[in-house]
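Student: I have a new model open and would like to learn how to read it, one feature at a time. Could you take me through it?

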Amino acid sequence: ILSACKAAPEKYLTQAPITVEQANLEDYWVEQAQAFTFSSTTLKRPNVSGFVKLKYLVDSNGEIFNPTVVESSPAGAWDQFALRAISHVKYLPSKANVSKTPVYVITEFQFLHE
């Protein structure tokens, strides 16, 4: 009998992370895919628009670690959607980031009620 489990990636840091503003993130890391969608049978979609700001680490491999909600409105309504969305994001180093500098950044996710 064979059994397999997907091991969680380990943080890889070429140096101590720095903190960057969202506007400067592309100086270091570029999203591999700009748009994505996902569906959920376990999360109930709120009936209002809102936003969530997440703080997270982009390590030297472009993997995301420790996403945490720093602000959301309406409070808590879209948090799980944002956390699920960030789990689908992968970054590639920018041409200027040859040393693959890890960064902390706060990203805002906007959610629209249709």
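We go from the core to the aromatic pairs, then to one strand residue and a pocket.

Tutor: Happy to! Keep in mind that this is a predicted model.

Student: Let's begin with the core. How many residues does the largest nonpolar core have, and which have the most contacts inside it?

Tutor: A core is read as a set of buried nonpolar residues joined through their side chains. Here the largest one has 19 residues. Those with the most contacts inside it are Leu25, Leu54, Tyr56, Ile86, Tyr91, Phe109 and Phe111. Two or more residues each come from strand E3 (50-58), helix H1 (79-86) and strand E6 (103-111).

Student: What does Tyr91 touch, leaving out residues up to four places away in sequence?

Tutor: Its contacts include Leu25, Trp29, Val30, Tyr56, Val58 and Ile64. Glu31, Gln32, Asn61 and Gly62 are also touched by Tyr91.

Student: Now the aromatic rings. How many aromatic pairs does a search of the whole structure find?

Tutor: Four. To classify a pair, look at the angle between the ring planes: under 30 degrees counts as stacked. The rings of Trp78 and Phe111 have planes at 5 degrees and centres 4.6 Å apart, so this pair is stacked.

Student: Which parts does that pair tie together?

Tutor: Trp78 lies in the loop between strand E4 (64-73) and H1, while Phe111 is in strand E6, so the pair links parts 33 residues apart in sequence. Together with Phe81, these two form one aromatic cluster.

Student: Is Trp78 buried or exposed?

Tutor: Buried means under 20% relative accessible area. Trp78 is at 1%, so it counts as buried, and Phe111, at 13%, is buried too.

Student: Where does the charged end of Lys55 sit?

Tutor: Over the ring of Tyr104, 5.5 Å from its centre.

Student: And Glu31: which residues is it in contact with, beyond its neighbours within four places in sequence?

Tutor: Val89, Lys90 and Tyr91. Glu31 is found in strand E2 (residues 29-31), and its relative accessible area of 25% makes it partly exposed.

Student: Last, what lines the second largest pocket?

Tutor: For a pocket, read the volume alongside the lining. About 200 Å³ of space lies in this one, and ten residues line it, with Pro9, Glu63, Ile64, Ile86 and Ser87 nearest its centre. E4 supplies the largest share of the lining, three residues.

Technical notes:
Residues numbered from 1 in each chain as written. Predicted model: local features only at pLDDT ≥ 70, side-chain atom pairs only at ≥ 80, totals over all residues. Heavy atoms only, no water. Core = buried A, V, L, I, M, F, W, Y, C linked by side-chain atoms within 4.5 Å. Buried < 20%, exposed > 50% of the residue type's maximum accessible area, 1.4 Å probe, protein only. Helix = DSSP H or I, 4+ residues; strand = E, 2+ residues; numbered from the N terminus. Contact = heavy atoms within 4.5 Å. Phe/Tyr/Trp six-rings, centres within 6.5 Å; stacked < 30°, edge-to-face > 60°. Lys NZ or Arg CZ within 6 Å of the ring centre and 35° of its normal. 1 Å grid on protein atoms, 1.4 Å probe; cavity = no way out; pocket = protein on both sides within 12 Å on 5 of 7 lines; lining within 4 Å. Points joined across faces, edges and corners; volume = space filled by probe spheres on them.
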